[in-house]
Amino acid sequence: MTSNLDIFVGNTTLIDEEVYQLWLDGYTVNDAVTRRIRSGILEQTGATVDVLQSDTMDHYRTFYMLERLLHSPPKLLNQLLFQIPPCRQTMLIERYYAFDEAFVREVLGKKLSKGTKKDLDDISVKTGVTLKSCRRQFDNFKRVFKAVEELRGSLVENIQQHFLLSDRLAGDYAAIVFFANSRFETGKKKLQYLTFEDFAYCAEQMIQNWTLGAVDTNVDDMDVDLDKEFLQGLKELKILIADKDLLDLHKSLVCTALRGKISVYNEVEANFKNLSRALINIASKLTHSKDVRDFFVDLVEKFVEPFRSDKWSPNDVRLFLTQYTACAHTLDAFRHQALWERYMGTLKACLLKMYHD
């Protein structure tokens, strides 16, 4: 009598996504075991606590060995030690570079240096993110920043090429790099209502329109540094408030376009000159690094807070900024149309994104 016996031998590295997330979140093996027990895994599998402890430790050892490869994701794809299917490799990379919104809001715009890293203990307590996870996320931000800060080309594409991140996550890291480079103030109390997503959107607009790469694809650091020639040129916009006839005509055109279409028409008519001066003065001061850093503070103080106080609706803000921009294009004496559109298009997008509770 003969028997048929099928044997399968494989060396595919097993990745438990739940345990991987516990490791990423900074939990010790014992804490991870406790959390797995709470999830009901012993009842589901019939395993003992000792087996679960051994299984968790085995996964953690694998993750620690993988970590050096995750620091440079292309190495993970090209190595032969761990047999991991492509879809699992993508998951490992994406989750390793994911970050907590509460944590990124605390470090956004700060210098990615040892000084900031010393504050991680306090940030951990404030956000509820474990210190180990805070360190991983901070080191990821710093690693990406150092890898791409001096590269030529699209910031998002460079991040994707070097770290193999999804479009969304690469875009988020581009915002983090951009904010760290220009050191925008994001931590003041009046800015706390703004989410990381708000800032990331504004960063995307500024990268696409206000950086060197917006006009010249052959320069270094094209998506990291603001275009100094553009910022210097913004001083030319002061003619809109310095020339009284031009200011009065601009006001007349805007008010005519908005009459009967906006619920705060009286406020627009009464405060037009102050609003126009604020918009132009922000532009003319962007040649100074301190004023660049305070860009979002200025938008909140000069527009968001006054608009809220006067009960402007988001649609009122949109209509005003649209007509304010469009009517300047019809002024014969105003010669800076391309500069105006480049400035106001981005400012309008940022203000509309920021105008919420």
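These legends walk through several close-up views of a predicted model.

View 1. To get our bearings, the chain is divided into domain 1 (17-97), domain 2 (101-214) and domain 3 (228-355). Taken over C-alpha atoms, the centres of domain 1 and domain 3 are separated by 52 Å.

**View 2. Helix α11 and its buried face.** Helix α11 spans residues 155-163, and its buried residues are Leu-155, Asn-158, Ile-159 and Phe-163. Seen down the axis of α11, these buried residues fall within an arc of 100°, so they line one face of the helix. Glu-157 and Gln-161, on the other side of α11, are exposed. And what covers the buried residues? The cover includes α5 (73-78), α6 (86-97), α10 (131-148), α12 (167-182) and α13 (196-210). Just after α11, look for Leu-164, which takes a positive phi of about 55°.

View 3. Thr-346 sits in helix α21 (residues 337-354). Is Thr-346 buried or exposed? With a relative accessible area of 0%, Thr-346 is buried. Leaving aside residues up to four places away in sequence, Thr-346 touches Gln-205, Met-206, Asn-209 and Trp-210. With Asn-209 there is also a polar contact between the two side chains (3.2 Å).

View 4. Lys-244 and Asp-248 meet through their side chains in a salt bridge (2.8 Å, N to O). They are four residues apart in helix α16, so about one helical turn separates them. Lys-244 is exposed, with a relative accessible area of 56%, whereas Asp-248 is partly exposed at 28%. Ser-252 also belongs to helix α16 (residues 244-258). Although 75 residues apart in sequence, Ser-252 and Cys-327 are 9.4 Å apart in space, C-alpha to C-alpha.

View 5. In one of them, Lys-290 pairs with Asp-294, their closest N and O atoms being 2.7 Å apart. Lys-290 is exposed at 51% relative accessible area, while Asp-294 is buried at 15%. Asp-16, Arg-36 and Asp-55 are linked in a network of salt bridges.

Notes
Residues are numbered from 1 along each chain as its sequence is written. This is a predicted model: local features need pLDDT of at least 70, side-chain atom pairs count only at pLDDT 80 or more; totals for chains, interfaces and linings use all residues. Side-chain values use heavy atoms; hydrogens and water are left out. Buried means under 20% relative accessible area, exposed over 50%, partly exposed in between (1.4 Å probe, protein chains only). Helices (H or I, at least four residues) and strands (E, at least two) are DSSP runs, numbered from the N terminus. The arc is that of the directions from the helix axis to the C-beta atoms. Contact means heavy atoms within 4.5 Å. A polar contact is a pair of N or O atoms within 3.5 Å; within protein, one must be able to donate a hydrogen and the other to accept it, and residues adjacent in sequence count only if both atoms are side-chain atoms. Domain bounds come from an automatic or database domain assignment. A salt bridge is a side-chain nitrogen of Lys or Arg within 4 Å of a carboxyl oxygen of Asp or Glu.
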